[in-house]
Amino acid sequence: MANINHKRGDTFQLDFTLEVNDVAADITNFDIRAQARDSDGTLILEWNETNSGVNVTNAAGGLFNLKSEATYTSTPTGPNAAFLLATESWPLGVMNVDIEFTDTSATPDSVSSSDTFTITVVEDITRD
């Protein structure tokens with residue numbers, strides 16, 4: 001399991017390429033979302049294409065990222081708004097994360113998930 005260290009209050013971005021058999025997969029017809037949960041399984045935050053945080057940068061090339069802002073200038077809205085936390089609000093400690101891919105061109109939809117990885121949130125020293 002991979003671990004990523006992140007300073008609370010800094011902009012967060014992870015860039016990914018979805019590959020199948022070492023070849024970039026076309027994600028044009030994919031819905032992508034990810035969740036971060038604490039060690040008890042409590043949902044801490046969610047990234048998705050509908051509200052915020054999942055950005056497809058090259059669908060044919062399988063490129064996307066997960067991104068969270070350091071702070072929000074306005075309060076996010078939508079059904080998952082409570083889980084779209086600016087990194088300044090991320091709890092210190094370890095969050096378990098995976099990414100779920102739904103291929104909507106398959107009948108029925110084909111759902112798969114990435115390996116689980118962790119984000120360890122540490123205190124930012126230089127801050128207001």
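**Ring cluster.** I looked up the aromatic rings first. Ring pairs join Phe 16, Phe 64, Phe 101 and Phe 117 into a cluster. I took rings of Phe, Tyr and Trp (its six-membered ring) as paired if their centres lie within 6.5 Å; planes under 30 degrees apart are stacked, over 60 edge-to-face, and the rest tilted. The model is predicted: local features need pLDDT of at least 70, side-chain atom pairs count only at pLDDT 80 or more, and totals for chains, interfaces and linings use all residues. Residues are numbered from 1 along each chain as its sequence is written, and side-chain values use heavy atoms, with hydrogens and water left out.

**Pair count.** By this rule I get six aromatic pairs. Phe 16 and Phe 64 count as stacked, because their ring centres are 5.2 Å apart and their planes stand at 15 degrees. This pair links distant parts of the chain: Phe 16 sits in strand E2 (residues 12–17) and Phe 64 in strand E8 (residues 63–68), 48 residues apart. Strands (E, at least two residues) and helices (H or I, at least four) are DSSP runs, numbered from the N terminus.

I then checked burial. Buried means under 20% relative accessible area, exposed over 50%, and partly exposed in between (1.4 Å probe, protein chains only). Phe 16 has 22% relative accessibility, so I log Phe 16 as partly exposed. Phe 64 has 2%, so Phe 64 is buried.

**Tryptophans.** Trp 47 and Trp 90 have ring centres 6.3 Å apart and planes at 80 degrees, so I log the pair as edge-to-face. The two are 43 residues apart, with Trp 47 in strand E6 (residues 43–48) and Trp 90 in the loop between E8 and E9. Both Trp 47 and Trp 90 are buried.

**Asp 103.** I found Asp 103 in strand E9 (residues 93–103).

**Whole chain.** I noted eleven strands and zero helices in the protein chain. Buried residues make up 33% of its 128 residues. Among contacts between residues at least 6 apart in sequence, 62% join residues at least 24 apart.

Note on methods. Contact = heavy atoms within 4.5 Å.
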